[in-house]
Amino acid sequence: MEDHHDNHVTSYAQNFKVLFVLLLLTISTIFVVKLDLGPLTVAMALFLASVKTTIVLTYFMHLKGEKLILRLMVGGVFLLFAIIVIITFIDYYFRII
Amino acid sequence: MSTTEHSEHSEHSEYIDVETGKMGMWLFLFTELFLFGGLFIVYAVMRARYGEAFHHAALELNAFIGATNTVVLLVSSMTVAMSLTAIQKSQKNLAIGLIFVTLLLAIVFMINKYFEYGHKFELHLYPGSDVMRNLPHGEIMFFGLYFLMTGLHLFHVVVGGILLTIVMLRVKSGKINKEHFLLHENGALYWHLVDLIWIFLFPLLYLIT
């Protein structure tokens, strides 16, 4: 018998709940943007998108039941991407021309 | 941890290392993340540089279609995740049905994009057009990124659809079942990636008005 993954299978009900939360967050994103909080708007929109991403990764993509090494790899990749973004902007904002 | 499979009903013994197979798929997803991530970085810098133009150009985009597509992909992510639940419960027909619904939603997404792009083309808004050339440079940047990123994403939707169709056929034939469903799992992971990319594309392109 293959050790396919963890002991339990995500139930249909759990899948529905996850979708419900994702849809709520989508609606929230639209409302937040409509509120127009100036420069904070983009940050909020990106933050909500990140929350949705984490939920999709954890539940739909089943990271919750996966081995630690895989979760570390995913986290590491996102961290690496964040570092690249930061370095890019450090470069951009210190350009003279 | 890997296990050796010896299936009596096939010509050769099958060795399926599920953990490695899944990790290989995740490694591929990481490359996809950096493919789109690179484009997002270009978007971020261009937006910092041409803030006004981006804001103005984004008015041309239809946020309603964008929001609809977001909902469509979120639901399709749920249905494909549910199809995995079904196959693990040996509910074969339900699994097939759920993958079929996922594919239908993918087609809905493609139809929406058809109308969306169609409207742009009607207005002569496409890279290289005379209308495009006369726009302010920042707006040309926005539309270039819009077409490239959503176009590349649409390509991934098509590829994902083909992949899931293959999965559906294999569930139907029994090659994918409760004991062997790595391809099903990996296909679903690809589809979730398509959803994830759109989760970021939607606010950054459609909601910056």
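Me: How many residues does the contact take from chain B and from chain A?
Reply: The model is predicted. Two residues are in contact if their C-beta atoms, placed from the backbone, lie within 7 Å. The contact takes 34 residues from chain B and 31 residues from chain A.

Me: Which element gives the largest share of the side of chain B that touches chain A?
Reply: Helix H1 (18-49), helix H3 (63-88) and helix H7 (182-206) of chain B each give two or more residues to that side. By class, the side has 24 nonpolar, 7 polar and 3 charged residues. The largest share, 11 residues, comes from H3(B).

Me: Which element gives the largest share of the largest nonpolar core?
Reply: This core has 61 residues, of which B:Ile99, B:Phe142, B:Leu201 and B:Leu205 touch the most other members. Elements of chain A and of chain B give two or more residues to the core, among them helix H1 (12-35) of chain A and helix H4 (92-122) of chain B. The largest share, 14 residues, comes from H7(B).

Me: With which residues is B:Phe142 in contact, leaving aside its neighbours within four places in sequence?
Reply: B:Phe142 is one of the residues that touch the most other members of the largest nonpolar core. Leaving aside the neighbours within four places in sequence, the contacts of B:Phe142 are B:Ala53, B:Phe54, B:Ala57 and B:Ala58.

Methods. Residues numbered from 1 in each chain as written. Chains lettered and ligands numbered in written order. Predicted model: local features only at pLDDT ≥ 70, side-chain atom pairs only at ≥ 80, totals over all residues. Helix = DSSP H or I, 4+ residues; strand = E, 2+ residues; numbered from the N terminus. Nonpolar A, V, L, I, M, F, W, Y, C, P; charged D, E, K, R; others polar. Core = buried A, V, L, I, M, F, W, Y, C linked by C-beta atoms within 7 Å. Buried ≥ 20, exposed ≤ 12 C-beta atoms within 10 Å, placed from the backbone.
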